[in-house]
Amino acid sequence: MSEQITVTVNGDTVSARPAANTLLSTFLREELGLTGAHVGCDTSQCGACVVLVDGKSVKSCTMLAHQAAGTNVTTIEGLAGDGGELHPMQEAFRDNHGLQCGFCTPGMVLSAVDLVSRNPDPSEGEVRSWLEGNICRCTGYHNIVKSIRAAAKVMRA
Amino acid sequence: MYDFNYHRPASATDAAAARKAAADGVYLAGGMTLLPTLKQRLARNSDVVDLAAAGLAGIGRDGGTITIGAMSTHDSVATSSEVQSAIPALAALAGGIGDPQVRNRGTIGGSIANADPAADYPAAVLGLNATVHTDRRDIKAGDFFTGMFETALDDGELITKVTFPVPAAAAYAKFANLASRYAIVGVMAAKTGDGIRVAVTGAAGNAFRATAMEQALAGDFSAAALDGISVDADYNSDIHASAEYRRHLVGVMAKRAVGEIA
């Protein structure tokens, strides 16, 4: 039997005993039912599975659940407020049509939250460079970049 | 991924002990290469020893030396004010590895222990004349990289930190693979206490020094001094670039790096 881990997921304390070889993405999706972390490529390239671990964006398909022990994990499900009000980044993606099929969106949004937490006023170039690890196969980058810059403006106000 | 025993020791000593006790153990640093390798079942280790809690992260400056703990992430190196002020080329190199999520997890110790021929850090370790400190000894940069994915590390030997002498000036130029951001060719040029150093990554099986360029730059530190110098090496040839193209890129990247600090 593997060791027990305790993780804070979207503000809730979770204790579990995932197998040693359980990926964080699998743990979130299959044990906690948080299917917002999408598994796109499963090879740490596409970024659809991005979640925040202690505020930093990581690819949850390339991290073991056990590596998350003791950390604070935020998935797309945990970004909105308790009353369901959208996070400014989610709101901006909606307002600017920053999604087409929506598959990459959870990863895009969480990656963007990490960016804006470090750089409150990113230039278009900085946003595009930051999105290196997030692939949108609808190629909807134009509105995604627009959304992120609009959200940054709201978040620094 | 095959199953394995997971360990999360609280010190480097305990990590080495766990690794030694395992039938076929492996250290887990950031996992940016190891986890994909395990996922693809290219490796099957009985035990994975996670170094996250072993107290090996941290960056500091002591006079003319920057010390980077083995478990320091690329992001922490890229954003460290101490690295940015002492060796901006090293901060920039770390900030150009992979993508933000790789930089948030990947570590300097993991990168150099893995010794990917296309990794960025080997050019910094060799070009800046760093020393790799392990739980057993100190290894000079020039002795560390011994082949493709091969290093001087013995079985179970654990990198604890890397120390970089602060150079008078240094610059890193990389021709990156557009998908992975690995270096097709990367060149670190530096004016160090040991003279001019030019180190190349991505081009051959392991990082190497371009001594013909170092000699030319010793007399005249300018991009023009590199005109006509073709560096001999056992160049890699793959779907990304032919050996001939890599040889050419070594010259172009070296000129860019030198031009930045000349």
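Okay, let's start with a helix pair in chain A: the crossing of α2(A) and α5(A) is right-handed. Keep in mind that this is a predicted model.

So, how do those two helices sit? Helix α2 of chain A covers residues 88-95 and helix α5 of chain A covers residues 141-156, and their axes come within 8 Å, crossing at roughly 135°. That angle is why we call α2(A) oblique to α5(A).

Who's touching whom here? On the α2(A) side you've got Pro88(A), Met89(A), Ala92(A), Phe93(A) and Asp95(A), and they meet Ser147(A), Ala150(A), Ala151(A), Val154(A) and Met155(A) of α5(A). Sort that contact by class and you get 8 nonpolar, 1 polar and 1 charged residues.

Where they touch, domain 1 of chain B puts in 11 residues and domain 2 of chain B puts in 14 residues. Which helix gives the most on the domain 1 side? That's α1 of chain B, residues 12-21, with 5 residues. By class, that domain 1 side has 6 nonpolar, 3 polar and 2 charged residues.

Last stop, the contact between the chains: 21 residues come from chain A and 19 residues from chain B. On the chain B side, the elements giving two or more residues are β1 (5-7), α2 (34-39) and α6 (100-105).

Definitions and conventions: Residues numbered from 1 in each chain as written. Chains lettered and ligands numbered in written order. Predicted model: local features only at pLDDT ≥ 70, side-chain atom pairs only at ≥ 80, totals over all residues. Contact = placed C-beta atoms within 7 Å. Helix = DSSP H or I, 4+ residues; strand = E, 2+ residues; numbered from the N terminus. Nonpolar A, V, L, I, M, F, W, Y, C, P; charged D, E, K, R; others polar. Axes fitted to C-alpha atoms, helices over the stretch in contact; angles between N-to-C directions. Parallel < 35°, antiparallel > 145°, perpendicular 65-115°, else oblique. Left-handed = near helix turned anticlockwise from the far one by under 90°.
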